[in-house]
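Trainee: I have a new model open and would like to learn how to read it. Where do we begin?

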Amino acid sequence: MIGIYLSANNDKEGFRIPVNPPELPFKNTADGEEFTIAKKGTVNVPKPMKLTEFAFSSFFPANDTHYAETQFKEPKKYIDQINMWMAKETVIRFIYVGGSFSINEQVTIESFEVKDQYGTADVDYTISFKKYVPFGFKKMEVVKKSTTKKGKATKQPAKVAKKEAPRDNPKPVPQTYSLVKGDSLWKIAQKYTGNGANYKSLQSLNGIKDSELRKLPIGLKVKIPPEWTAKK
């Protein structure tokens, strides 16, 4: 037995068409484009098919009749349900069974037209549908392209520790010794190092010539080599 069912929200709402239409035509079209080419004429470039469209006409009986496929409902209930689906842009399920082919598709209601019949309370209507293909939008994320090669960890630039310039060790200031009566470089070297033979270092540091060794004046300030005072 042929039957047409319309439902929505997982079959929580819907109905069966009470009176089957005399025919159920389908329309499949492609989105081909025509172009005119010189010396060739008009050509058609095939493109993907458009969404399937179908429509039918029937009526909602105003009274319970023997030819109705369902339990009687007032026409207003069918009309209100269809108008509500259209107002809410509801995707519904269209099911057609019992014919030479069957349909079970999600569709949208594209148009719905009703009119009263003269001499009866039955309501004529024409309704059309279009196949619905689920889709969704994805948020685009802008990813900055990395300059590093894939699979290799990004190396952080090594921090270069600033080396402080070594401080110049100040040269120790030599101590001085004032000559007294009877002093000689030998005696001064003997006093500071325990060995008078070291007087040559004292002589060199103070720039004293060999000819001046015996004529050193009393009170002369002689520089003492720093290593001598460090050892003392």
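Mentor: Begin with a definition: the expected span of a helix is 1.5 Å times one less than its number of residues. Keep in mind that this is a predicted model. Helix α1 has 13 residues and reaches 18 Å from its first C-alpha to its last, close to the 18 Å expected.

Trainee: Which residues of α1 are buried?

Mentor: Buried means under 20% relative accessible area. In α1 the buried residues are Pro75, Tyr78, Ile79, Gln81, Ile82 and Trp85. Seen down the helix axis, these buried residues fall within an arc of 165 degrees, so they line one face of α1. The face turned away from the buried side carries exposed residues, namely Lys76, Lys77 and Ala87.

Trainee: Against which strands do the buried residues of α1 pack?

Mentor: They pack against β1, β2 (13-16), β6, β7, β8 and β9.

Trainee: Why does glutamine 81 count as buried?

Mentor: Glutamine 81 counts as buried because its relative accessible area is 18%, and the cut-off is under 20%. This residue is in helix α1. Leaving aside residues up to four places away in sequence, glutamine 81 touches Glu13 and Phe15.

Trainee: Which residues are buried in α2?

Mentor: In α2 (residues 185-193), Leu185, Ile188, Ala189 and Tyr192 are buried. They cover an arc of only 100 degrees around the axis, which puts them on the same side of α2.

Trainee: How many bridges join β6 to β9?

Mentor: Eight bridges join β6 to β9, and the two run antiparallel. As one place to look, alanine 55 stands opposite serine 128 in β9. On the other pairing of β6, two bridges join it to strand β3 (residues 26-27), again antiparallel. There, the bridge partner of lysine 27 is glutamate 53 in β6.

Trainee: And how many bridges join β1 to β7?

Mentor: Five bridges join β1 to β7, which run antiparallel. Isoleucine 4 stands opposite tyrosine 96 in β7.

Trainee: How should I read a nonpolar core?

Mentor: In soluble globular proteins, nonpolar side chains tend to be buried together. The largest nonpolar core here has 24 residues, and those with the most contacts inside it are Leu6, Phe56, Ile92, Phe94, Ile127 and Phe129. At least two residues of this core come from each of β1 (3-8), β6 (53-60), α1 (75-87), β7 (92-97), β8 (103-116) and β9 (123-131). A second, separate core has twelve residues, including Leu179, Ile188, Leu216 and Val222.

Trainee: Which residues does leucine 6 touch?

Mentor: Not counting residues up to four places away in sequence, leucine 6 touches Glu13, Gly14, Phe15, Ile17, Trp85, Ile92, Arg93, Phe94 and Phe129.

Trainee: Where is valine 180 found?

Mentor: Valine 180 is found in the loop between β10 (175-178) and α2. At 45% relative accessibility, valine 180 counts as partly exposed. Valine 180 and leucine 216 are 36 residues apart in sequence and 9.8 Å apart in space, C-alpha to C-alpha.

Trainee: What is the mean pLDDT of the protein chain?

Mentor: Read pLDDT as the predictor's confidence in each residue, from 0 to 100. The mean for the protein chain is 83, and 85% of its residues reach 70 or more.

Trainee: How many helices and strands does the protein chain have?

Mentor: The protein chain has four helices and eleven strands. Buried residues make up 25% of its 232 residues.

How values were computed
Residues are numbered from 1 along each chain as its sequence is written. This is a predicted model: local features need pLDDT of at least 70, side-chain atom pairs count only at pLDDT 80 or more; totals for chains, interfaces and linings use all residues. Side-chain values use heavy atoms; hydrogens and water are left out. A nonpolar core is a set of buried Ala, Val, Leu, Ile, Met, Phe, Trp, Tyr and Cys residues joined through side-chain atoms within 4.5 Å. Buried means under 20% relative accessible area, exposed over 50%, partly exposed in between (1.4 Å probe, protein chains only). Contact means heavy atoms within 4.5 Å. Two strands pair if DSSP finds at least two bridges between them. The arc is that of the directions from the helix axis to the C-beta atoms.
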